[in-house]
Structure formats: C-alpha cells, structure tokens
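Here's a quick tour to read with the model open beside you. Take it one topic at a time and look up each spot as you go.

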2 protein chains.
Amino acid sequence: MAEPIFRRLCIIGIGLIGSSVARVAKARGDIADVVVATDANAEHLERARELGFADVVEADTGAAVEACDAVMLSVPVGAIGAVMQRIAPHLAPGCIVTDTGSTKGSVIRDILPHLPAGVHLVPGHPMAGTEFSGPDAGFAELFQGRFCILTPPEGTDPATVKKVAEIWRRAGSTVEFMDAATHDKVVAIVSHLPHLIAFTICSTADDLAQETREAVLKYAASGFRDFTRIAASDVDMWRDVFLNNREAVLEMLARFTEDSQAFGRAIRWGQREYIEDRIRRGRKIRRGLIERKQA
Amino acid sequence: MAEPIFRRLCIIGIGLIGSSVARVAKARGDIADVVVATDANAEHLERARELGFADVVEADTGAAVEACDAVMLSVPVGAIGAVMQRIAPHLAPGCIVTDTGSTKGSVIRDILPHLPAGVHLVPGHPMAGTEFSGPDAGFAELFQGRFCILTPPEGTDPATVKKVAEIWRRAGSTVEFMDAATHDKVVAIVSHLPHLIAFTICSTADDLAQETREAVLKYAASGFRDFTRIAASDVDMWRDVFLNNREAVLEMLARFTEDSQAFGRAIRWGQREYIEDRIRRGRKIRRGLIERKQA
C-alpha cells in the first residue's frame, strides 16, 4: 500500500459525494490514516455511524476539522461560505481545504475571504453522480473512470495541488486542470443547462390540461423519459448550482433560447434545409462523443 | 398458430420500423401469408433481398400493392401524400391502408384526398424506435412491450380497425385509441419537443468558442450525453415530423420557452422558492413515471 496522502481528512457534508469519498478512503486506506465525517443534518450523522464509512463521526463542525491536514467541503455550494467562516478559526496551519462543488467561481469567491493565512485552497469538482442523494446513496466506485477538474487559483502551492489530485487519482478518476471561469462555462452547457431544461419540461408537461397530462405520463417515450432521469435530482444542490453559476447559466440559456427560437421559426416557415442542418449537427456532436468514448 | 390477419401485406418503406414489421410478420407467420416489401431506395431493396425479411421484394410501388388486402406506409410523413397518390390506382377494393408515421393529423390530411372509394384508412403510430435507421437496423422484437396508438377517423369500419390493432398486438404492443389532434399534442411534448431541444443544444454547444467546445466534448456529463443520444436520429424522418406537426410543436415550444425564461428570471433575481418548486415538480413527474413503470 502507498503512503497515505493525509494523516487526518475531515469530510464536511456526507451526502452522495462526501460519503462516497469516505467509503473509497476507508476501502483503500491510502488516502488518509483517519477519516472524520461531519454534517449539519443529525440524521446523516446517525446513518454515518450505522454505515461505518468514517473512523470518527463528529457533530460539531469546528471540533471535526481540528488537527486535520485536509478538509473537504462537500455541501451544497450555497452553504460553502458559511461553513468556511465557521471552521476558519479551527483550521490547523498548513491545512489544505478542498471542495466538491459543481461551481468553482462562486466557491473561490465565498471561501477566500475566510481563508486563514497558512491554509491552502484547492477547489475541485468530481464529475460524477447519480440521480440519488444522501449518505445511503454513496459507494466507493462512484469516481472510477470519471473526470475530476481542479481549479487552483494562480499562485497556489503546487505541492498542495498534487496532494488533492492524488485523492481523486486513487479514487479512480482522471484529474484535469482548468481556470474557474472556463470550468463554470463548460459545466453550464454540459450539465447545468440540461438540468434546467429537464426541470422546465417537466413543469411544462405538468401544466397541460388534465387529459393531455395523463396521456403524457402514459406515453412518455424515450425522449421525455431521458429528461426526467436528469430531473430526479437533489433540490438543495441544484438550487445552489443555478444561483451560484448564474452568469454562465444565463448566458448558455440565452444562446440556447435564441437557437431554439430560430429552430421554431424554421418550422413555421418550412425551411427544410435549416432543419436538416440542425439535425445533422446534432449527429456530428454525437459522433464526436462516441469517438471520445463518452457515449 | 392463429389464422393470419391478412393474405398479402405490402410494406412501403423498409427502414427501421418497416423492416421490423416485416421481420416480426416473417417470424410469427400469423400476420400475413405473404409480405411484400418495397422502397424508393434501391440500396434498401438490395438489402431487403439479402436479409430475406420479406417474401417478395418489388421495386415498382404500384405493382407492389396490387392484390394486397393491407398496405402499410412506413415512409417519412412528408412523403406519405405522394406515395398515396402513386399507389391509389393500384389498390384492390376493400384494401386497408395503414401507416406508422409519428404525426397523425398530417397523415390523415395527406391521405384522404387520394383514398379510393372502398379502400379503408386506419392511421397508426407504433411508439418504438432506436437511434439507428435503415433496413439493417430493424428487428422483430422492436415493438414488444411498447404502445401503438391508432387514430381512426370517425366512421371507420370497426372490423378494419380491429385487424390493424391485431398486427400490433401480435407484434407485442399494447394498442390504444385516440383522436389525431390529441395524439399530435401528446407526441409534441413527449417526443418532438425533446428532440427539438436535443438537436438545438448540440448546435448551441457546436457554436461555442473552439476552446470551450473541445472541453464540452471532453466533459460531457450524463446530462448532455442523454441529450445527444436523442439527437442521433434520422434526418429525413425528423425534418418531416417537425414540418408536419407544426402547430403542436410550436405551441409546446412556446410554452416551454415561457417556462424556461421564467426559470432564468428566477435565477437572475435569486428567487429560491421558485427554483425549488420547479425542481420538486420535476421529481414529482419522475415519480409518476416510475409508478407507471415507464422509467
């Protein structure tokens, strides 16, 4: 077994992602000697004790991070600033703070003002998940074969970046580096906008007249069904994602709306070639994904 | 084996759907004594001969339908009027004409003017498909466990409706009846709008600056990947669907656009409760689908 990366790793927030990190750390043994788990939700703490995926389960957030050389924030991104403020006085000098949030600009914006001198920040985003949430939903293999994007601000100590990257490599992921602004644009189009669309189309269907709505549920073809798979997601997490990646999501929504209105106009005016071109471009992107083995 | 429903069934258009009907008819033997296949595409005819899923492969559409007691039009819905005009003089008295198009109002509109006296029309829509197309893509099990919607105009002879319904029941589908206008609204929201959105989001991504576009392909998370699965579809078929279900698609696009703009506005103004409500409604619809075993 390789030397553990950290002596004592505290995971704050033990939902799907946080509890999966705890599980893979426990299973491998070479991520941290000791894994501490804490959560604002008392039921989560109780489940953590029952499921046994952490060495220490601690209700007090401040006490949980004490003497840790690494702290991973795995809470909805809207809560990260408050959690950081709460733990700041308890962080040991030299401690590395990282996170698993789906937005990176807002995380850096919310953490930096509270970051004590001598404490390092390496923001991260494991691109993994399921449609389930909570401590029972996690599993040690969640990150295998997935990407994890790290967005260390300029000037971050390379040694700390290397350690955080190593967590994800040992969990089975490929680690990539990007600046926070690029990250936020990319996830806005590959993930946040598709979720916004999926949530919306469900509401649109739900608002239809009773008779049509019943038929919609009955005949949901694969198209609509794929959308609703996306839509079965954690409320707090997704509310915070939209609110904390606002500019990029609104920009992508605006671009998408222009394009869908142009598509609608082509349908209204019978512009066959425009419609065919849009369909062909969809197929081209699809082929691109297959070639990259992402499909 | 049950008595075959028809003596001689001609399938016009042997792509994914048409060739799958031929295959299940061949495999069961109780749908028609003789299956005739025809197609405007010479390569499709050649493949039909090689694959052997029809008893007779006939290049001339008029000759193909002669002496048939049933004809199934399985061509893109935009071609149905022209095909009907071409075959009308060759149809035997008492023949039943059916189709497999994804739009039903336009099919009735385009067929009725050419329908000879004594020939029956029973429009149909098997709600089955894959992301592949062409005679090689078909398979006998395609319709198993799926719905097939029939939209016979008022006054249609119930005996002919029963025979067409029996094709789909023997192919493994559950048959439902609906008027054409309701059908077109339902498929607009469960299938046509999701495809329009999927084609559009691929174009939107393709229009991004080179650097972001490359990253999009690399990091396509499950959200975007599900969309591109929908988007890998036949160009002619989907162009015709949009053009021939224009009113319903534009109505559903307008409703969806209003709803997505309202969602965007809530993000801009930080309306947490509005966003949470949208996410919850998505989850509710998702649960509805699971309860109906459609998910």
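What follows is a short briefing, grouped by topic.

This is a predicted model, where local features need pLDDT of at least 70, side-chain atom pairs count only at pLDDT 80 or more, and totals for chains, interfaces and linings use all residues. Residues are numbered from 1 along each chain as its sequence is written, while chains are lettered from A and ligands numbered from 1 in the order in which they are written.

**Chain A as a whole**

- Along the principal axes, the C-alpha atoms of chain A fill a box of roughly 65 × 40 × 35 Å.
- Of the 295 residues in chain A, 54% count as buried. (Buried takes 20 or more other C-beta atoms within 10 Å of a residue's own, exposed means 12 or fewer, and partly exposed is in between, with C-beta atoms placed from the backbone.)
- Take the contacts in chain A between residues at least 6 apart in sequence: 75% of them join residues at least 24 apart. (A contact means that two C-beta atoms, placed from the backbone, lie within 7 Å.)

**Where the chains meet**

- On the chain B side, 77 residues are in contact with 78 residues of chain A.
- Helices of chain B that each supply at least two residues to this side include α7 (180–206), α8 (210–219) and α12 (272–291).
- The largest share, 20 residues, comes from α7(B).
- By class, the side of chain B that touches chain A has 41 nonpolar, 17 polar and 19 charged residues. (Ala, Val, Leu, Ile, Met, Phe, Trp, Tyr, Cys and Pro count as nonpolar, Asp, Glu, Lys and Arg as charged, and the others, Gly among them, as polar.)

**The α11 pair**

- Helix α11 (residues 246–268) of chain A packs against α11(B) at an angle of about 165°, with the axes 11 Å apart. (Axes are lines fitted to C-alpha atoms, for helices over the stretch in contact, and angles run from 0 to 180 degrees between N-to-C directions.)
- That angle makes α11(A) roughly antiparallel to α11(B). (Under 35 degrees is roughly parallel, over 145 roughly antiparallel, 65 to 115 roughly perpendicular, and the rest oblique.)
- Among the residues making the contact are A:Leu253 and A:Thr257 of α11(A), and B:Leu253 and B:Thr257 of α11(B).
- The contact of α11(A) with α11(B) has eight nonpolar, eight polar and four charged residues.

**A spot inside chain B**

- B:Val83 sits in helix α4 (residues 80–87) of chain B.
- B:Val83 is buried, because 24 other C-beta atoms lie within 10 Å.
- Leaving aside neighbours within four places in sequence, B:Val83 is in contact with B:Ile12, B:Thr61, B:Leu73 and B:Val75.

**Positive phi in a loop**

- A:Ala67 has a positive phi of about 70° although it is not a glycine.
- A:Ala67 lies in the loop between α3 (61–65) and β4 (70–73) of chain A, and counts as partly exposed, with 15 C-beta neighbours inside 10 Å.
- In chain B, phi of B:Ala67 is near 65°, a positive value in a residue other than glycine.

How values were computed:
Helix = DSSP H or I, 4+ residues; strand = E, 2+ residues; numbered from the N terminus.
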